[in-house]
Amino acid sequence: MLVVMAANASEQEVRGVIDFLDKLGVAGQPVGGPACTTIHVVSARNGIDSRQIRLLPGVTQVVRDGKAYKLASRDHYPADTVIKLPQASIGPDTFTIIAGPCAVENEAMAMRTAEFLMSRGVRLFRGGAYKPRTSPYSFQGLGQEGLDILGRVRKQTGIGIVTEVMDVDHVDEVEAAADIVQIGTRNMQNFSLLKRVSRSSKPVLLKRGLSATLDEWLMAAEYVMSGGNARVILCERGVRTFADHSRNTLDLSVIPAAKKSCHLSILVDPSHGTGNRDHVMPMALAGLAAGADGLLIEVHPDPPRALSDGAQSLDFGQFDLLLLKLTELAAVFGRKLN
């Protein structure tokens, strides 16, 4: 259910609707739009008489919608969401590059990579302090030490930090080190974790699950948004299919479908999506052409020696070539890299 307020509705009238809904036993989430405030009833039970709500001061319309996701739906909030950070913005008018190693291995490597990226105009650094790995014997990340390194990298270079949180108990520490908190593919439906980051003051980068449908992905975003954190960024990183020519099947067809269904920005991760550095550039360019708002790219100063996912990581020279090609293609679509 969607409650549309009048353009001149006062804060007191908006608060009155929310309080009324609360007495009915349901939650209302206000969202300020370009023309008016709308209140999304995000946990409605059956049997609510919408006529009662329609009579409240400041209300112009009550709309029922069958979509399970309300806050993420473009039907309810048609304007594209733009995530503004001190270092960069993520939205339809730009094409944002987030790059860095799969894992933080040591301070020298992280600092060297961040300085290289800043020199190329890339303002957001991806790097895992906690690493979910299929094998328990693989490198699991440095944990708190890795977060401390990321904090020093940000302080010295000014680059923004994107890093993954895997556990509810670690959210506070990750928030302190990160400008964007990442929820990885394995945790897309970790509802306890989604509810916790819904209270975060930091934007949330939500990766698509290995076998998640678009609706399931958007419902995971709804968990975050319904708790009060509207700054959600989607990330397509490949799904599992019968194909064996790449690590995953990068589903670029989901980009226009997601753009039609929701107002959230969507990034593409061709590194995880293909698992092969030779495939990263063509799929990155295809992601831009398909309408994505940016990329996550794995970059390492010495990929053969990387402790995690070296086979899909670009070295500095390969990343320079990718930036050149992206700049050329972005100009065709009227986009600007940031």
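This is a predicted model: local features need pLDDT of at least 70, side-chain atom pairs count only at pLDDT 80 or more; totals for chains, interfaces and linings use all residues.
Which residues is Thr-185 in contact with, leaving aside its neighbours within four places in sequence? They are Lys-207, Arg-208, Gly-209, Leu-210 and Arg-237.

**Thr-185**

Thr-185 sits in the loop that runs between strand E10 (180-183) and helix H6 (191-197). Its relative accessibility is 11%, and because buried means under 20%, Thr-185 counts as buried.

**The chain as a whole**

The protein chain contains 11 helices and 15 strands. Its C-alpha trace spans about 65 × 45 × 40 Å along the principal axes. For 338 residues, a compact globule would have a radius of gyration near 20 Å, and the chain has 21 Å, so the two agree.

Of the 338 residues, 53% are buried. The chain exposes about 14500 Å², and carbon and sulfur atoms supply 51% of that area. Contacts can also be sorted by how far apart the partners lie in sequence. Among contacts between residues at least 6 apart, 68% join residues at least 24 apart.

| Residue | Relative accessibility | Class |
|---|---|---|
| Thr-185 | 11% | buried |
| Glu-175 | 14% | buried |
| Asp-309 | 18% | buried |
| Val-63 | 27% | partly exposed |
| Pro-136 | 62% | exposed |

**Glu-175**

Glu-175 belongs to helix H5 (residues 171-177). It counts as buried because its relative accessibility is 14%. Its side chain and that of Ser-200 are joined by a polar contact of 2.6 Å. Not counting residues up to four places away in sequence, Glu-175 touches Val-181, Arg-196, Ser-200, Ser-201 and Lys-202.

Val-63 lies in strand E4 (residues 59-63). Val-63 and Leu-2 are 61 residues apart along the chain, yet their C-alpha atoms are separated by 4.9 Å. Not counting residues up to four places away in sequence, Val-63 touches Met-1 and Leu-2.

Pro-136 is in the loop between strand E8 (124-126) and helix H4 (144-157). At 62% relative accessibility, Pro-136 counts as exposed, since exposed means over 50%. Pro-136 and Lys-260 are 124 residues apart in sequence, and from C-alpha to C-alpha they are 40 Å apart in space.

**Asp-309**

Where is Asp-309 found? Its place is the loop between strand E14 (294-298) and helix H11 (316-332). With a relative accessibility of 18%, Asp-309 counts as buried. The phi angle of Asp-309 is near 55 degrees, a positive value in a residue other than glycine. Most residues other than glycine have a negative phi.

Terms used: Residues are numbered from 1 along each chain as its sequence is written. Side-chain values use heavy atoms; hydrogens and water are left out. Helices (H or I, at least four residues) and strands (E, at least two) are DSSP runs, numbered from the N terminus. The radius of gyration is taken over C-alpha atoms; the globule rule is 2.2 Å times the number of residues to the power 0.38. Buried means under 20% relative accessible area, exposed over 50%, partly exposed in between (1.4 Å probe, protein chains only). Contact means heavy atoms within 4.5 Å. Accessible areas come from the Shrake-Rupley method with a 1.4 Å probe; for residues, only the protein chains shown count as cover. A polar contact is a pair of N or O atoms within 3.5 Å; within protein, one must be able to donate a hydrogen and the other to accept it, and residues adjacent in sequence count only if both atoms are side-chain atoms.
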